[in-house]
Amino acid sequence: MEVISIERSTYEELQASFNSFVAQMKAMGSRGKDKRLGEWLVHQDMCRILNISPRTLQTLRDNGTLAYSQIERKIYYKPEDVKTL
């Protein structure tokens, strides 16, 4: 086992930097809590709720009638947008 000694001030600076980093990570994690995907609808849900075909849903997206979010190839819809439609 190797023992490394550093000055107290250096250790305290390192500890403060680490605590700052942890606080920033916690803040970033809490920002995304209101955007859970469980609250969003996928296209199968939308077709069933609106009683439309997938192609009609595509048309609604294309002409801007229906707002959506896309993560990679998966498309999500807000439940509020369904109510406004």
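Predicted model: local features only at pLDDT ≥ 70, side-chain atom pairs only at ≥ 80, totals over all residues.

Student: What's the secondary structure of the chain?

Tutor: There are four helices and two strands. Going along the sequence, they come in the order α-α-α-β-β-α.

Student: And is the chain compact or spread out?

Tutor: It's more spread out than a compact globule, because the radius of gyration is 24 Å, well over the 12 Å that the globule rule gives for 85 residues. The C-alpha trace spans about 70 × 25 × 20 Å along its principal axes.

Student: How much of the chain is buried?

Tutor: Buried residues are 16% of the 85. The accessible surface is about 7300 Å², and carbon and sulfur atoms hold 53% of that.

Student: What about contacts between residues 24 or more positions apart?

Tutor: Those make up 49% of the contacts that have a separation of 6 or more.

Student: OK, switching to charges. How many salt bridges are there?

Tutor: The count is two. One pairs R8 with E12, at 4.0 Å from N to O. The other links R48 and D45, with the closest N and O atoms 3.2 Å apart.

Student: Where do R8 and E12 lie?

Tutor: Both are in helix 1, residues 8-31, and they sit four residues apart, about one turn of the helix. R8 counts as exposed at 64% relative accessibility, while E12 is partly exposed at 42%.

Student: And where are R48 and D45?

Tutor: Helix 2, residues 43-50, holds both, three residues apart, which is again about one turn of the helix. R48 is exposed, with 58% relative accessibility, and D45 is partly exposed, with a relative accessible area of 22%.

Student: Now R61. Is it buried or exposed?

Tutor: R61 is buried, and it has no salt bridge. You'll find R61 in helix 3, residues 54-62.

Student: Which side chain does R61 make a polar contact with, then?

Tutor: Q58: the two side chains are joined by a polar contact of 2.3 Å.

Student: And what does R61 touch, leaving out residues up to four places away in sequence?

Tutor: With those left out, R61 touches L66, Y68, I75 and Y77.

Terms used. Residues numbered from 1 in each chain as written. Heavy atoms only, no water. Buried < 20%, exposed > 50% of the residue type's maximum accessible area, 1.4 Å probe, protein only. Lys, Arg positive; Asp, Glu negative; His and termini not counted. Salt bridge = Lys/Arg side-chain N within 4 Å of Asp/Glu carboxyl O. Polar contact = N/O pair within 3.5 Å; in protein donor to acceptor, adjacent residues only side chain to side chain. Contact = heavy atoms within 4.5 Å. Rg over C-alpha atoms; globule rule 2.2 N^0.38 Å. Areas by Shrake-Rupley, 256 points an atom, 1.4 Å probe, with all protein chains shown as cover.
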